[in-house]
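Work through the exercises below with the sequence and the model at hand. Each task is followed by a solution in steps.

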Amino acid sequence: MGKPIEVTDEKFEGDVIGSDLPVLVDFWAEWCQPCKMLAPTVEEIAGEYKDKIKVGKLNVDDNPSTATKYGIRGIPTLLFFKGGKVVQQVTGVKSKAEIKKIIDENLV
């Protein structure tokens, strides 16, 4: 089963922007209850799409420069990167079906 990778400010360029695969990044924080509600869904998606996309988690408290660069105002926020560019952004807790729809639309 695939697991989300931990993304940091230092590794963001290589792990996300330079990735051959599309990347879903979950911007979250330890104190955020909605983030904790979304976490199991993000883990399931990492497993289900392990050969198609990379899934990363970025703690906004530990990595403020990346969160600021992408204008993250509320968490949880999911950014979907393809070819190093943001192609989709979703803020708040979403259902697994909603997240899968976004991924599937952007995989074609």
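**Exercise 1.** Find the distance and the placement of the salt bridge between Glu-48 and Lys-96.

Solution. Step 1: a salt bridge is a side-chain nitrogen of Lys or Arg within 4 Å of a carboxyl oxygen of Asp or Glu. For the side chains of Glu-48 and Lys-96 the N to O distance is 2.4 Å. Step 2: this pair links distant parts of the chain, with Glu-48 in helix 2 (residues 33-48) and Lys-96 in helix 4 (residues 96-107), 48 residues apart. Helices (H or I, at least four residues) and strands (E, at least two) are DSSP runs, numbered from the N terminus. Step 3: Glu-48 has a relative accessible area of 38% and is therefore partly exposed; Lys-96, at 25%, is partly exposed. The classes are buried under 20% relative accessible area, exposed over 50%, and partly exposed in between (1.4 Å probe, protein chains only).

The model is predicted: local features need pLDDT of at least 70, side-chain atom pairs count only at pLDDT 80 or more, and totals for chains, interfaces and linings use all residues. Residues are numbered from 1 along each chain as its sequence is written, and side-chain values use heavy atoms, with hydrogens and water left out.

**Exercise 2.** Describe the surroundings of Asp-15.

Solution. Step 1: Asp-15 belongs to helix 1 (residues 12-17). Step 2: its relative accessibility is 19%, so Asp-15 counts as buried. Step 3: Lys-11 forms a salt bridge with Asp-15, with the closest N and O atoms 4.0 Å apart. Lys-11 is partly exposed, at 39%. Step 4: beyond neighbours within four places in sequence, Asp-15 is in contact (heavy atoms within 4.5 Å) with Ile-5, Glu-6, Val-23 and Lys-54.

**Exercise 3.** Is Asp-26 buried or exposed?

Solution. Step 1: Asp-26 lies in strand 2 (residues 23-28). Step 2: at 1% relative accessibility, Asp-26 is buried. Step 3: leaving aside neighbours within four places in sequence, its contacts include Leu-38, Val-42, Lys-57 and Pro-76.
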